[in-house]
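Dear colleague,

Please find below the structure that I am handing over to you.

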Amino acid sequence: MSHPTSRLLAMLELLQANQRAGGAALAERLGVDQRTVRRYAERLVELGIPVIAERGRYGGYRLMPGYKLPPLMLTDDEATAVVLGLLTGRRLGLPGPAAEAALAKVQRVLPPALRDRVQALQETLGFTMGTRDGAAPATAAVLTLAEAARHRRRVRLNYVSWKGAASERELDPHGLVFHSGRWYVTGYDHGRGEVRTFRVDRIRSTELRAETFEMPPDADPVRQVTTSLAGVPYAHEVEVLLKTTPERARARIPPSVGTLAETSDGVLLSMRVEHLDGMAQMLAGLGWPFVIRRPGELRDAVRELAVRLMAQAGHDSAVDG
């Protein structure tokens, strides 16, 4: 950094990366004396960048809180990390329009050589996970709920259920959870008198309240959301005894799918499903012996799946011969 302009930009980057930087530390990083650092700070102020100088023995420099720099300065590694994060987020089902716009902006301002390399990464990067369809919540709702959970503030929600029924809820939010392309908030619902889970994309408005609350010591937003999802009232209530160990069952069946209980004969899987043919396919895919306890119709679905597989196996044999 032999050129003064390079050192000036480097100082700006250091101030962006740190809430506060001491004069001596800046001088050492830039390879100049502290008097030159003061001149750089004055020059940044002349350029319209509000650098605050703190006097005294332990003085230093910082940017004015809340100030947003028009040119976001990123190193090559930082820019690549941002692009990778946005690409991965898109695959996970994070809100599309905002992520796509941010990705396009970052790529536009990259130096040509780095932009070409990042574009090559984007075109050749593969994922083992399938693309999830995300349900984009309102940014204001996400930020308000996060603030409320952090500061233990109650919120008032205008919520629309999956049936289309609108209601107002007074909620003590315990935390936000992102799962399978959707955002959820969990907390104590004063109207129901119990801990509940809400999809954030179904929240039409949020209002931060003055009331505060104490976080329960056993609050676990991730566990609450996965347990709630496993208990969604689908059409069929299923109980199947899996002939395997609890460790293997937990490794293959997440809490959001169903509950697992160890028994003397194996592991009891309890869950609700909308379609029994899909449940039959799941059991076949697990590859363990099992005993269906209920419903009886699931046995019919398993038999029908077995017949289809046998027919397919016979068809394949004919083709191979």
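In this predicted model, helix α4 (residues 76–92) and helix α6 (residues 112–124) have axes that come within 11 Å and cross at roughly 25 degrees. Angles under 35 degrees count as roughly parallel, and α4 and α6 are therefore roughly parallel to each other. The crossing in which α4 passes α6 is right-handed. On the α4 side, the contact is made by D76, A79, T80, V83, L84, L87 and R90; α6 contributes L114, V118, L121 and Q122. By class, the residues of this contact of α4 with α6 divide into 7 nonpolar, 2 polar and 2 charged.

Helix α4 also holds L86. Is this residue buried or exposed? L86 has a relative accessibility of 19% and, because buried means under 20%, L86 counts as buried. Leaving aside residues up to four places away in sequence, L86 touches A99, A102 and L103. Of these contacts, L103 lies 17 residues from L86 along the chain, and the C-alpha atoms of the two are separated by 6.5 Å.

The crossing of α1 and α2 is right-handed. The residues in contact are R7, A10, M11, L14 and L15 of α1, together with L26, R29 and L30 of α2. The contact of α1 with α2 comprises 6 nonpolar and 2 charged residues, with no polar ones.

I turn now to the strands. Which strands pair with β4? Strand β4 (residues 153–160) pairs with strand β8 (residues 203–212) in the antiparallel sense, over 6 bridges. In this pairing, Y159 stands opposite I203 in β8. Strand β4 also pairs with strand β5 (residues 166–179), again in the antiparallel sense and over 6 bridges. Here V160 stands opposite A166 in β5. The hairpin of β4 and β5 has 5 residues between the strands, and in this hairpin G164 takes a positive phi near 95 degrees.

When you inspect the strands, please bear in mind one general point: in a regular strand the side chains alternate between the two faces of the sheet.

With kind regards

Methods
Residues numbered from 1 in each chain as written. Predicted model: local features only at pLDDT ≥ 70, side-chain atom pairs only at ≥ 80, totals over all residues. Heavy atoms only, no water. Axes fitted to C-alpha atoms, helices over the stretch in contact; angles between N-to-C directions. Helix = DSSP H or I, 4+ residues; strand = E, 2+ residues; numbered from the N terminus. Parallel < 35°, antiparallel > 145°, perpendicular 65-115°, else oblique. Left-handed = near helix turned anticlockwise from the far one by under 90°. Contact = heavy atoms within 4.5 Å. Nonpolar A, V, L, I, M, F, W, Y, C, P; charged D, E, K, R; others polar. Pairing = 2+ DSSP bridges. Buried < 20%, exposed > 50% of the residue type's maximum accessible area, 1.4 Å probe, protein only.
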